[in-house]
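Thanks for sending this one over. Here are a few friendly notes to read alongside the structure.

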Amino acid sequence: MTKQGLNFNQRILSNGLTVIGEENGSAKSAAVGFFVRTGSRDENKQINGVSHFLEHMVFKGTEKLSPFEVNERFDKTGAQYNAFTSEENTVFWAAILPEYLVEVTRLWIEMMRPALRDEDFNIEKHVIKEEIAMYKDMPNYDVMDRCRSLYFGEHPCGNSVLGSEESIENMTAQQMRGYFSNRYAPNNIVAAFAGNFKWEEICAVAEDGCGGWEEKKTDRRISDTRGSGKKDKFEKPNVSCEHICLISPAVAAQDERRFAASLLGDIVGDDFGSRFFWELVDKALSETAAMQYSPMDGTGTFYSYIRCSSDNAGKVLDIVGRIFAELAKDGVTESELSKAKNKVLSALVIKNELPMGRLVDLGSNWIYLRQYRSIEQDVAAVKAVTVKDINSLINEFDLRGFTQYTIGPAKQG
Amino acid sequence: MTEIIDKHVLSNKMVILGEPMEQVQSAAFNFMLPAGAALMPEKCCGAANVMDDWIFRGAGDKDSKQLGDALDGLGVQRSSGVGTSHLVIGGALEASNLSAALGLYGDVILRPRLQEEHFGPARQLAIDGIKGLDDDPRHKVMLKLREQFYPTPLGRSTAGEIADLEKLTAEQTRAIVRERFNLSKTIFSMAGKYDFDAVCRQFEGLFAPAAVLRQQDAGAVQIGKRGSKYTHIHNDGAQVHIGLMTETVRANDKDYYNARVAVSVLSGGMSARLFTEVREKRGLCYAVGAQYNALKEAAGVAAYAGTTPDKAQQTLDLIIAEFRRLAEGISEEEIQRAKVGLKSSLILQSESSSSRAGAIGSDYYILGRVRSLDEIKEKIEATTVDSVLGYLRNKPFKEFIVVTIGPKEVKV
């Protein structure tokens, strides 16, 4: 599985912006991403949702570019491009044929200094409200959001990414400009490249375009939490299944034990062959039952999502409780770990075959660890995890200490 | 970039296709079994979904747990799904484990245990999958739209029908597996890193002896009527989810590439017309878009938009107006953007072994051959403003089938 010809480079510009790239001459495409270390955890209640709203506004152009020109310039290159916002990152990306990479990178660089015009802000507000409405109709997402907020409580990671209708309605373009100027500082941005490109050429483009951005200090306060452990429920008349989300604490993205945590997530809640699968899905007690490790900056969680009929909800939760208790008592087995490793490694190889897949790991590793990690290093780290490592993780982060949120149909009478 | 397509027909007429990819370490594969939703017997809608689950609950000398463990042990990223024409089962994995995985899939196809005790849970999961759609109106509206748009049985829900599933028995389902897992009509496709001769030899050993038992005709579908023009499903949700679909040319038509470019002008990138008019200029929706959607027997352009109730009528009217406006004129720049977008997405997809395995299998089924990427690129390149407008004027979008789910109906 050795990858031939991957070459990593990095440069930190004088204003603090980091440029990283992993060249792969045999790839047919290239991928570019601007990883901005900002998200809903960096907001306060008045401007909740601003990171995500700002991500939309970046596409509305600059002093020189109208929103329509931005879209046309991207589409002229055939790029697949978009952006996403999480609790702690805003990522702008494009997957592109190599001959257009410089052009698309220059466009992203221009867009990273957006005009944030009032008239665009007012139209886009409607789009954001539609997005909030869309997620309300998706209880599988809604339940995760509500559970995250219940788990984190006053911890900033509990802030909703989308914000509420109220926070969006009351937000002003001026507030967004203030947030932008604090958070899109050069030292808070990583420009990452993967696939078929030439480092010297692309680095010069980045330096030329971003080097003049004003230096500014920006940071984030990091704290860990073990979650509230609370339980809550929302009954909705138009929902037909029980959507259950459980969140329990785990190690942070910076912790060496993240590979063990990821394997534990797989052992307990992979789509096939996991404990959830055999105990819940195989027996048709629940249609979906998944657990995943979610690493974050300075903290981390295990998320479980289970969908079942209301009749089965009690029984399903009893079984989950039993699975977690058995794990606490007996730990995992060698055979479970070995299967989980095979699945995780195979997924890792497949994902990294696409420059776009590689970009996400490359950028995330830099954002969280300030470190380049080759695919081989990650493969070796997964292989090195032992049953003992996982069992001591279970010991320290008891899965039974979860916070629970359920969205289900309104009870009759 | 001239790629090779490997092809071999086994003595039992099962077709083996492959696209080698030098730059990858993975292999992806699909068995397209002629057991899709349209091929299920009457009153058995959803049986394919039950089969998809049941056949993996033990096969050959392995029980359910042993089979699952064996697949996991090989690191198989499993994928399966029911389409109109096929039940597709497959996966992706590190290439060195391919042969072992194919051996397991051979058992699943030829020697599934189909034990009584496992039928109940398999059927229950299929029923729960349909119930789950009630909480996913975006997905449900498009399934309901296909049901109305494609003539029966082509439009049959690929999720199934609860009423049919509740009556389905293990014996009926076993009979369907026997009848429909017809190897002479099965297409196997793979892409990535593989040894084609070795796979063919392995398959000749695995599948050819079974040919005698599996020669029944999977049966051609009798195409019936199209559904209603407008269907509304009430749901007190936050948005009205709108699906609409109109007829267009099939993949073997001379105007196929003109149609693809026209749809791309309508909804290719963010500068395309639907996104510009509906979202960028008016802020009516977050999600809006249209796609070319084809079966072997029929094809259409399907559009989706989700919007709050007060904006639903305006959104629907605007989308239909944009479909119709296409024939009035398209600029050279729009055509160029559409063409470069289509070509670029083709090349980006060609880096993924899973995408390629899927694409070559579906090409073979629909066209009877696999198109090379060069051929597709040339044909896209050959389209012009005049050729696309010519197609739009000769075959205008006439009737729209509309389905909505939400708190408010629209006028069609």
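Predicted model: local features only at pLDDT ≥ 70, side-chain atom pairs only at ≥ 80, totals over all residues.

1. How many residues of chain B are in contact with chain A? The count is 56 on chain B, and these meet 52 residues of chain A.

2. Several elements of chain B give two or more residues each to the side that touches chain A. The helices are α2 (64-73), α4 (116-133), α10 (273-280) and α12 (332-349), and the strands are β4 (77-82), β5 (87-94) and β10 (299-307). The largest share is that of α12(B), with eight residues.

3. By class, the side of chain B that touches chain A has 26 polar residues, along with 15 nonpolar and 15 charged ones.

4. Within chain B, the domain assignment gives domain 1 as 6-214 and domain 2 as 230-406. Their C-alpha centres are 28 Å apart. Domain 1 of chain B puts 31 residues into the contact between them, and domain 2 of chain B puts in 28.

5. Which elements give two or more residues to the side of domain 1 of chain B that touches domain 2 of chain B? They are the strands β2 (15-20), β3 (26-33), β5 and β6 (187-192), together with the helix α5 (137-149), of chain B. The most comes from α5(B), which gives nine residues.

6. The side of domain 1 of chain B that touches domain 2 of chain B divides into 19 nonpolar, eight polar and four charged residues.

Methods. Residues numbered from 1 in each chain as written. Chains lettered and ligands numbered in written order. Contact = placed C-beta atoms within 7 Å. Helix = DSSP H or I, 4+ residues; strand = E, 2+ residues; numbered from the N terminus. Nonpolar A, V, L, I, M, F, W, Y, C, P; charged D, E, K, R; others polar. Domains from an automatic or database assignment.
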